[in-house]
Amino acid sequence: MPSETEVLSAHPDCILVDLGLPGLSGLEALDAMLERADGAPVVVLTGLHDRETGVSAVARGAADFLVKGDPSEALARSIRYAVERSQAESARALWRETELLRGENLRLERGLLPRPLLVDPATAWASRYRPGAGSAVLGGDFFDTVETEDGSIRMVIGDVSGHGPEEAALGVCLRIAWRTLVLAGRPDDEVLPGLDAVLRAERQADHFCTVCDVTVSPDRRHVSTRLAGHPPPVLVAAQPALLDGTHRGAPLGIARSVWPTATIDVDPPWCLLMFTDGLFEPKLDDGTRLGLEGMVDLLQGVSVPQSEEDLDQLLDTMQQPHVAASHDDDVAVLGLLVR
């Protein structure tokens with residue numbers, strides 16, 4: 001005869017407990033089995049004149065009770081109903097958990113992926129966010145765009161190390177801190193040090209964050225970048241090209257660093273594309289990684305978008321390798337069109 005441990009390790013659909021056996025008996029036997037049942041429904045057997053104990057057993061967690069001497073059909077029916085009720089309750093619990101997760105993701109998404117504060121009619125904006133491997137769980141990628149009072153456009157994209165709700169919450173915190181610093185009128189070169197201080201104060205583990213912080217001048221003819229361990233943007237103008245990244249400093253949260261500014265001159269129309277590393281890390285069919293150069297190659301022959309719809313299609317093209325490879329990292333892409 002198999003032992004109790006062997007029976008329970010087989011993950012039974014239903015457990016039948018006789019409350020009148022020698023040794024541990026009565027409701028104590030029920031309590032002991034409920035502790036070991038791992039969610040399986042427990043049906044108890046009571047004596048012919050002990051229905052009251054059966055009712056108490058149900059109140060303490062048993063799925064049902066039977067009185068010894070009941071027809072065998074009653075036993076089969078009780079077990080079947082107990083299993084069906086247990087399965088229905090498991091389904092309801094899973095549904096509730098899914099709805100809670102969905103609601104939490106929606107709240108995190110609103111924090112991570114805001115609408116831009118742009119008023120210049122000569123600009124268009126688009127974004128994409130895709131959780132790793134198509135999962136419903138948001139990671140720590142975030143972005144934002146704000147047009148300031150002097151007409152400059154400030155943009156940011158960041159990637160918190162790790163995946164999951166904790167990283168997403170930290171990304172929300174950093175995104176809000178960035179917008180707060182920008183709207184408060186802090187000088188551009190003080191924003192990344194401010195985010196570094198917020199990250200160190202708010203993180204629960206040794207998280208770090210890569211960030212690309214951008215300023216577009218009011219006349220739209222100068223683009224300045226500050227890089228904290230993050231790849232530089234791609235400029236789509238006469239020909240798509242990755243901006244210089246030699247001024248890149250350390251990621252936030254790793255080492256005290258400086259993040260110098262590099263500025264280039266541009267002539268409208270042009271398009272700036274910012275992204276997280278999930279965009280260029282997918283593997284191709286030959287097993288090699290796409291890489292930054294391969295990502296830029298995808299854009300060869302692409303002209304400057306003429307509309308927001310064109311910009312949307314361009315972002316779809318950029319994230320296609322990530323989709324095709326079902327890459328396990330999150331990806332965020334942010335595009336600004338200046339006409």
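Which residues does L272 touch, not counting residues up to four places away in sequence? In this predicted model, L272 touches M155, V214, V223, P233, V234, L235, L243, L334, G335 and L336. Contact here means heavy atoms within 4.5 Å.

The model is predicted, so local features need pLDDT of at least 70 and side-chain atom pairs count only at pLDDT 80 or more, while totals for chains, interfaces and linings use all residues. Residues are numbered from 1 along each chain as its sequence is written, and side-chain values use heavy atoms, with hydrogens and water left out.

The protein chain holds eight helices and 13 strands. These elements are DSSP runs numbered from the N terminus (helices: H or I, at least four residues; strands: E, at least two). Of the 339 residues in the chain, 47% are buried. Buried means under 20% relative accessible area, exposed over 50%, and partly exposed in between, with a 1.4 Å probe and protein chains only. The accessible surface comes to about 17000 Å². Carbon and sulfur atoms account for 53% of that surface. Areas come from the Shrake-Rupley method with a 1.4 Å probe. Among contacts between residues at least 6 apart in sequence, 67% join residues at least 24 apart.

The largest nonpolar core has 22 residues. Such a core is a set of buried Ala, Val, Leu, Ile, Met, Phe, Trp, Tyr and Cys residues joined through side-chain atoms within 4.5 Å. M155, V214, W270 and L272 touch the most other members. Two or more residues each come from strands 4, 6, 7, 8, 12 and 13. Strand 13 gives the largest share, four residues.

S217 sits in the loop between strand 7 and strand 8. S217 counts as buried because its relative accessible area is 13%. Leaving aside neighbours within four places in sequence, S217 is in contact with S152 and H222.

The second largest pocket has a volume of about 170 Å³. A pocket is an open set of points on a 1 Å grid where a 1.4 Å probe fits, with protein on both sides within 12 Å along at least five of seven lines; lining residues have an atom within 4 Å of a point. The volume is the space filled by probe spheres set on the points. Of its 13 lining residues, H11, P12, D13, G39 and A40 are the closest to the centre. Helix 4 (residues 72-112) gives the most to the lining, with three residues.
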